[in-house]
Amino acid sequence: MWIPKNFLPDDAAVHELLTHQGASDLVTMTDQGLVSTVLPFEYAPTTGEHGALIGHMARANDHWSRPVQGEAMVIVRGPEAYVTPTWYPTKAEHHRAVPTWNYITAHVYGDLVVHDDPDWVEDQIRRLTDRHEADSAEPWSVDQAPEKFLKGQLRGVVGIEVLISRVEAKFKLSQNQPAKNIEGVIAGLEDRSRADDAAVAAAVHAHNPHRATS
């Protein structure tokens with residue numbers, strides 16, 4: 001991934017992204033070409049030398065059974081938003097401005113391990129479910145499902161683990177703009193309120209390189 005210096009995040013920001021990711025894209029090269037599957041992953045930072053991403057996929061999806069050539073890649077995405085140049089105060093001064101896109105993403109590389117083990121899969125599903133149910137007024141638990149039904153469901157999936165070798169992350173959040181343009185982007189995003197705008201506005205604020213002196 002091409003990562004200009006302004007958009008290179010620190011380790012803490014990358015850890016936060018991987019910990020709170022939603023569904024991500026598992027991509028592998030096979031003898032039949034590239035294959036991709038969208039999967040919700042859990043980040044296991046203490047597994048292996050650099051951590052791991054763990055998940056599961058339907059047994060009927062033959063992606064898991066296709067031998068991988070080289071490493072797997074998982075594309076993790078954070079919030080993203082279109083940025084109009086009309087938010088830049090400098091546009092009124094010289095009109096040398098164009099639209100852009102702000103986003104947060106990481107490419108996670110590593111060896112793909114398949115766990116055809118119902119106990120491993122059940123443990124992974126419990127952790128994944130508990131995380132996403134945590135803020136629910138009435139959280140659902142795996143234990144609410146009948147045991148026979150649960151066992152049948154577990155037989156229909158296989159576990160997926162990507163043992164991380166390296167992570168390339170990019171937080172493109174207007175850091176290359178002057179302070180007043182960054183403030184304009186934040187205000188514009190907060191006022192527009194499309195799907196990810198509030199989250200991107202908060203991220204632009206958090207990663208504002210001028211914040212300490214402005």
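This is a predicted model: local features need pLDDT of at least 70, side-chain atom pairs count only at pLDDT 80 or more; totals for chains, interfaces and linings use all residues.
Which residues does glutamine 124 touch, not counting residues up to four places away in sequence?

**Entry 1: glutamine 124**

I looked up the contacts and found Glu42, Ile54, Gly55 and His56 on the list for glutamine 124, with residues up to four places away in sequence left out. I then checked where glutamine 124 sits, and its place is in helix α3, which covers residues 118–133. Buried or exposed, I wondered about glutamine 124? Its relative accessible area is 0%, and the cut-off for buried is under 20%, so glutamine 124 counts as buried.

**Entry 2: arginine 96**

Next I went to arginine 96, which lies in the loop between α2 (91–94) and β6 (100–115). I read off a relative accessibility of 65% for arginine 96. Exposed means over 50%, so arginine 96 goes into my notes as exposed. I also took a C-alpha to C-alpha distance from arginine 96 to proline 85: 9.1 Å in space, for two residues 11 apart in sequence.

**Entry 3: helices α5 and α6**

How do the axes of α5 and α6 cross? I found that helix α5 (residues 179–192) and helix α6 (residues 197–206) have axes that come within 8 Å and cross at roughly 160 degrees. Angles over 145 degrees count as roughly antiparallel, so that is how I describe α5 relative to α6. I noted the crossing of this pair as left-handed.

I then listed who makes the contact. From α5 come Ile182, Val185, Ile186, Leu189, Glu190 and Arg192. From α6 come Asp197, Val200, Ala201, Val204 and His205. Sorting the residues of this contact by type, I got 7 nonpolar, 1 polar and 3 charged.

**Entry 4: the whole chain**

Finally I stepped back to the chain. I counted 6 helices and 7 strands, and along the sequence they follow the pattern α-β-β-β-β-β-α-β-α-α-β-α-α. The C-alpha trace spans about 65 × 45 × 30 Å along its principal axes.

How much of the chain is buried? I have 42% of the 214 residues down as buried, and glutamine 124 from my first entry is buried too. The accessible surface of the chain comes to about 11,800 Å², with 53% of it belonging to carbon and sulfur atoms. I also looked at contacts between residues at least 6 apart in sequence, and 76% of them join residues at least 24 apart.

Key: Residues are numbered from 1 along each chain as its sequence is written. Side-chain values use heavy atoms; hydrogens and water are left out. Axes are lines fitted to C-alpha atoms, for helices over the stretch in contact, and angles run from 0 to 180 degrees between N-to-C directions. Helices (H or I, at least four residues) and strands (E, at least two) are DSSP runs, numbered from the N terminus. Angles under 35 degrees count as roughly parallel, over 145 as roughly antiparallel, 65 to 115 as roughly perpendicular and the rest as oblique. A crossing is left-handed if the near helix is turned anticlockwise from the far one by less than a right angle, and right-handed if clockwise. Contact means heavy atoms within 4.5 Å. Ala, Val, Leu, Ile, Met, Phe, Trp, Tyr, Cys and Pro count as nonpolar, Asp, Glu, Lys and Arg as charged, and the others, Gly among them, as polar. Buried means under 20% relative accessible area, exposed over 50%, partly exposed in between (1.4 Å probe, protein chains only). Accessible areas come from the Shrake-Rupley method with a 1.4 Å probe; for residues, only the protein chains shown count as cover.
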